[in-house]
Amino acid sequence: MEQMKEKFAKLLLGEDMSGGGKGVSSALALSNAITNLAASVFGEQSRLEPMTPDRKARWRKEIDWLLSVADHVVELVPCQQKSKDGTNMEIMVTKQRIDLHMNIPALRKLDAMLIESLDHFKDQNEFYYLSKDAPESEKGKNKRKDDKWWLPTVKVPQDGLSDKCRKNLQSQKESVTQVLKAAMSINAQVLSEMEVPENYIEELPKNGRASLGDAVYRSITVEFFDPDQFFSTLDLSSELKILDLKNRLEASIVIWKRKMTQKDGKSTWGSAVSFEKREQFEERAETILLIIKHRFPGLPQSSLDISKIQYNRDVGQALLESYSRILESLAFTVLSRIEDVLLADNMSQNPNPQPGKRNNLKNDSQPNSVTTSPRINTEVVRTKTLSDLLTWSLDQNDFDEKADATDEISTDEDGNSEKPTVVTNKASYVENLGGVRSPTARH
């Protein structure tokens, strides 16, 4: 009870413990509380092992406290009521907001699936982890050579894992991949529904070319656009460079949307570019962003996303965004730990293995290009529910026909606007996650 009092006192004070009213909004305070709780409970998750009973109990208890706020976010809906004299009348009653009603249970299901996946490694004894102080000779060829050098080294038997253990790892990998894609979809949907803050807009340049830079701008506005060719011209060798490209693309899209909706042609936001060209540029930029997001799922949040979260005032959206974000982060971490073990197993069986991929959601063998087959239809991704995303099989020909059609539209040197895409559907993403397979078409 005392813990709960302290938790909700901080939320009511907006994290301003002086009580001077200088705290953050309720939405941001709630978002920060969920983020901090996940960080303190899960931490780095550097090993494939179950959560301790104390950590699991704390997580269940405190996340329930924070999510209880969603039970009181309601909307008015019409309802038929029969009076004493037998006549029917329509009245308005309160009901939990539809996006929360459908998606909080979905996220709870994903939460349970992740913890269950970790529990599957409770009694395994085939692989283990070396301490950070272990000698280099003991680490051998399994020593990490990537940017996560501080994580413990995985050790497997000399002849590799047993078939049973390997099958269990593959099964859990598929399950966690399903959770990751589901959480990514919910998070992306919620962020797309948040309004772009005025503070973010005020700092933008006046046109898309200034935001993107001449080289990237010319690559997007060419007459015949090919994502493979676009990525082959870029240096995506580091996380900072990828994030910078994402920030510039999102900024240019916001600029183009404002030009698209601006009625006053004399305004500094106005533009004489045709509607078709704006539509084409918007689609190309959105496609590039989608490819980046799914090829590099572990990227930090972009400037636009951070700004939306910081200035968001919708408590319901704050709940959905923060909960889905921490589940996405945990799923990505668990998936990486599973792939560490599979990589160690592969190296034990192959003395001279080919460079492996630590994450099947991105193609490490092509650092400066992206695989676009099957190609991704951005409109299909936006409008499908999460149940569809977990089971769909996208026909590549549908996207190729659309790409051929858009390639026929010419561009001009000053075109830098887009068609605004407004997502208004706040309905369910998941009704039943049980028994569905992990999709492959999105990646």
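Guide: Let's begin with an idea about handedness: a crossing is right-handed if the near helix is turned clockwise from the far one by less than a right angle, and left-handed if anticlockwise. Keep in mind that this is a predicted model. Here, H1 and H3 cross in the right-handed sense.

Visitor: At what angle do the axes of H1 and H3 cross, and how do I describe it?

Guide: Angles under 35 degrees count as roughly parallel, and 65 to 115 as roughly perpendicular. The axes of H1 and H3 cross at roughly 40° and come within 11 Å, so these two helices are oblique to each other.

Visitor: Which residues of H1 and H3 meet there?

Guide: From H1 come Gln 3, Met 4, Lys 7, Phe 8 and Leu 11, and they meet Lys 61, Glu 62, Trp 65 and Leu 66 of H3. Sorted by class, that contact has five nonpolar, one polar and three charged residues.

Visitor: What is the crossing of H4 with H14 like?

Guide: H4 passes H14 in a left-handed crossing. Their axes come within 10 Å and cross at roughly 20°. Angles under 35 degrees count as roughly parallel, so H4 and H14 are roughly parallel to each other. Residues making the contact include Leu 107, Leu 110 and Leu 114 of H4, and Leu 320, Tyr 323 and Leu 327 of H14. By class, the contact of H4 with H14 has twelve nonpolar, three polar and three charged residues.

Visitor: How can I check the length of a helix such as H2?

Guide: Compare the expected span with the distance between the end C-alpha atoms; the expected span is 1.5 Å times one less than the number of residues. H2 covers residues 26–42, and its 17 residues should span 24 Å; the end C-alpha atoms are 24 Å apart, so the two agree.

Visitor: Which residues of H2 are buried, and what do they pack against?

Guide: Buried means under 20% relative accessible area. The buried residues of H2 include Leu 28, Leu 30, Ile 34, Leu 37, Val 41 and Phe 42. The buried residues of this helix pack against H1, H3, H13 and H14.

Visitor: Is Gln 172 buried or exposed?

Guide: Gln 172 has 6% relative accessibility, so it counts as buried. Gln 172 lies in helix H6, residues 163–193. Leaving aside neighbours within four places in sequence, Gln 172 is in contact with Ser 117, His 120, Phe 121 and Ile 338.

Visitor: And Leu 76, is that residue buried or exposed?

Guide: Exposed means over 50% relative accessible area. Leu 76 has 57%, so it is exposed. Leu 76 belongs to strand E1, residues 74–82. Not counting residues up to four places away in sequence, Leu 76 touches Met 92, Val 93 and Thr 94. Leu 76 and Thr 94 are 18 residues apart in sequence, yet 4.6 Å apart in space, C-alpha to C-alpha.

Visitor: How many helices and strands does the protein have, and what share of its residues is buried?

Guide: The protein has 17 helices and four strands. Of its 443 residues, 45% are buried. For contacts between residues at least 6 apart in sequence, 79% join residues at least 24 apart.

Key
Residues are numbered from 1 along each chain as its sequence is written. This is a predicted model: local features need pLDDT of at least 70, side-chain atom pairs count only at pLDDT 80 or more; totals for chains, interfaces and linings use all residues. Side-chain values use heavy atoms; hydrogens and water are left out. Buried means under 20% relative accessible area, exposed over 50%, partly exposed in between (1.4 Å probe, protein chains only). Contact means heavy atoms within 4.5 Å. Axes are lines fitted to C-alpha atoms, for helices over the stretch in contact, and angles run from 0 to 180 degrees between N-to-C directions. Angles under 35 degrees count as roughly parallel, over 145 as roughly antiparallel, 65 to 115 as roughly perpendicular and the rest as oblique. Ala, Val, Leu, Ile, Met, Phe, Trp, Tyr, Cys and Pro count as nonpolar, Asp, Glu, Lys and Arg as charged, and the others, Gly among them, as polar.
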